Amino acid sequence: MSRARWLARELGPPLVGIGGVISIWAIAAALTETTAIPSPMAVWSAFIDGVRDGTIQEAAAKTLIRLAFSFVVAVAFGTALGLVLALNEFARRAIRPLVVALQITPFVAWVPLAVIWFGATERAVVFVTIVGSFPAMTLATLQAIRQVPPLYERTGRTLGAKGWALYRKVILPAALPGVVAGLQQAWGFAWKALTAGELIVAAAHAGLGHLLGRPGADVPTLLAALAVILVIGVAVDYLLFGRLDRRIRRRRGLLVET
Amino acid sequence: MADTITTLEPQPAGPAEPKLAVRDLVVTRRTASGEVITATDRLTFEVATGEFVCLLGPSGSGKTLLLNVLAGLEVPTSGEALLDGRPIDGPGPDRAVLFQEPTLFPWLTVRDNVELPLELAGMPAAQRRTVADQWLATVHLERWADAQPHELSAGMRQRAALARALAADPDVLLSDEPFGALDAQARELLQAEVQRVWVGSGDRKTFLFVTHNVREATLLADRVLVMSAAPGRLLEEFRIHAPRPRSLDDVLVARVVSEIHDMLMREVDASVAREMAR
């Protein structure tokens, strides 16, 4: 298959989806003629203005640095906790309900507490992001390990694997696709929690979420900031985790090529 | 005929200790509904070093559980399972297991799968690659060394699993109907392969092979142990002296096959009758 055809097949459907939304939006903007629904062109020029004066790049850079830090901490801690819960039944029964409770708590509920504990600072936002995303990682890791077919473990043991070697060589590789699904989920939660945190904790200067909460901002600017948040979020999900997931599944023969 | 088949007469005790011994072994299992089923009932037999023994029996005769006990994956309810005279306590690299499913690990290449037991045994990388490639060549998979398991046919996967089982140089090979899920041609090829590998190796492995295929058992075994339907007991023992490599067209082999087959059919009929009478 030629590269052009591959690109068309790969990018065609999402572009049709996005194009459809923008068309409906343009029609709605033309029909209503209120400032509450600006036209796509108005948002585009607000975006260009933001790029020209550097506010969008600066905000995106700040947000991505915070995110990288929070996400790495959340993934490392979440995966390690998931592993501990998978290994130890007492820990699982003691701690799993707490993690589930954290998972179903709206992360915005942590913002006021975080501000009291850490002040209206960057640290408060990072805290909310970590608390908002690590439970997904822990639960996905635990689930992935517990769903490893028992025959893999038995085979590993008859091949001489025991203790930590059994985990390192058999159980964890077998659980990898489920762990990557958890990464993808945790990324969604982290991105949401971080931008919402930035929006509320205005003092956590700059950041994309902060662009959404600037006093006196007009609607096109707000929508431009929102679009940047969406595009970065989807791009990372699709290009990083989606690719990783497909690569792992293709290698294992779990991906049906259509 | 008399020197072809020996029925359950006590064998003269050899000077050497048996490689595997099972004494009064009772294994029970619990069904999903909580019912306790006796899978094997006071089973006793021995396997000598270098001997190829086939365990033959109708489904549900506890063959798989028995094999798992010997593999160290299950604990017997009572009785003993011994390896070199010592009670079996967990799995070990001295006993390789071929399951019905090849269970190659899908995240590893075929070669890495074969290398895994060697790696776990602490063999240096260069050496284990050499050993793995030798075994892959033995089972005619050298061209597939870098493939992923899902790219192989079912028969090729089971051959790779055989290479992996033998690579670690175990004393004992335990197989649980490893060719049961294969088509007739692949099955025949693999039976020939096992005969060739086993006869060809300098110091022969002790082989315990579970099957419900009479031809397979007769083709491969020095001795066939026929088990009853559940709860599994030993019904009969056939010693097969036909020269190797054997062929199913061999008159001697064909005669043993039909004899074992008749006996097994009588047992299946009897067990169905018992089941109906309940």
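Strand β3 (residues 52-56) of chain B and strand β8 (residues 206-211) of chain B pair in the parallel sense, over 5 bridges. If you look at Cys54(B), you will find it standing opposite Phe209(B) in β8(B).

Before going further, some housekeeping. This is a predicted model, in which local features need pLDDT of at least 70 and side-chain atom pairs count only at pLDDT 80 or more, while totals for chains, interfaces and linings use all residues. Residues are numbered from 1 along each chain as its sequence is written, and chains are lettered from A and ligands numbered from 1 in the order in which they are written.

Back to that strand pair. Which sheet holds β3 and β8 of chain B? They belong to an open sheet of 6 strands with mixed pairing, in the order β6-β7-β8-β3-β9-β10. At the edges sit β6 (95-98) and β10 (234-239) of chain B, each pairing on one side only. From one strand to the next the twist averages 15°.

Helix α4 (residues 154-167) of chain B lies across β6 and β7 (172-176) of chain B, and it runs at about 175° to β6(B). For such angles, axes are lines fitted to C-alpha atoms, for helices over the stretch in contact, and the angles run from 0 to 180 degrees between N-to-C directions.

Chain B has some antiparallel pairing to show you too. Strand β1 (residues 20-30) of chain B runs antiparallel to strand β4 (residues 78-83) of chain B, joined by 5 bridges. There, Leu20(B) has Leu83(B) of β4(B) as its bridge partner. Leu83(B) also has a bridge partner in β5(B), namely Arg86(B). β4(B) and strand β5 (residues 86-87) of chain B run antiparallel as well, with 2 bridges. These two form a hairpin with 2 residues between them, and Asp84(B) in the turn has a positive phi of about 50°.

Now let's step back to the domains of chain B. Domain 1 takes in 1-94 + 172-278 and domain 2 takes in 104-169, with bounds that come from an automatic or database domain assignment. Their centres, taken over C-alpha atoms, are 27 Å apart. How many residues touch across the two domains? The answer is 11 residues of domain 1 in contact with 11 of domain 2, where contact means that the C-beta atoms, placed from the backbone, lie within 7 Å. On the domain 1 side, helix α5 (residues 184-200) of chain B gives the largest share, 5 residues. That side divides into 10 nonpolar, no polar and 1 charged. The classes are Ala, Val, Leu, Ile, Met, Phe, Trp, Tyr, Cys and Pro as nonpolar, Asp, Glu, Lys and Arg as charged, and the others, Gly among them, as polar.

Over to chain A, which has 10 helices and 0 strands. Its C-alpha atoms fill a box of roughly 70 × 55 × 30 Å along the principal axes. Take helix α2 (residues 40-52) of chain A and helix α10 (residues 219-251) of chain A: their axes come within 8 Å and cross at roughly 75°. α2(A) and α10(A) are therefore roughly perpendicular to each other; that label covers 65 to 115 degrees, with under 35 roughly parallel, over 145 roughly antiparallel and the rest oblique. Among the residues that meet here are Ala42(A) and Phe47(A) in α2(A), and Pro220(A) and Leu223(A) in α10(A). By class, this contact has 8 nonpolar, 2 polar and no charged residues.

How do the chains meet? 17 residues of chain A are in contact with 19 residues of chain B. On the chain A side, α7(A) gives the most, with 6 residues.

Finally, confidence. The model scores ipTM 0.82 and pTM 0.80. pLDDT is the predictor's confidence in each residue, from 0 to 100; chain A averages 84, and chain B has a mean of 83. Over residues 1-10 of chain B the pLDDT is below 50. Where pLDDT is low, the predicted coordinates should not be read in detail.

Methods
Helix = DSSP H or I, 4+ residues; strand = E, 2+ residues; numbered from the N terminus. Pairing = 2+ DSSP bridges.
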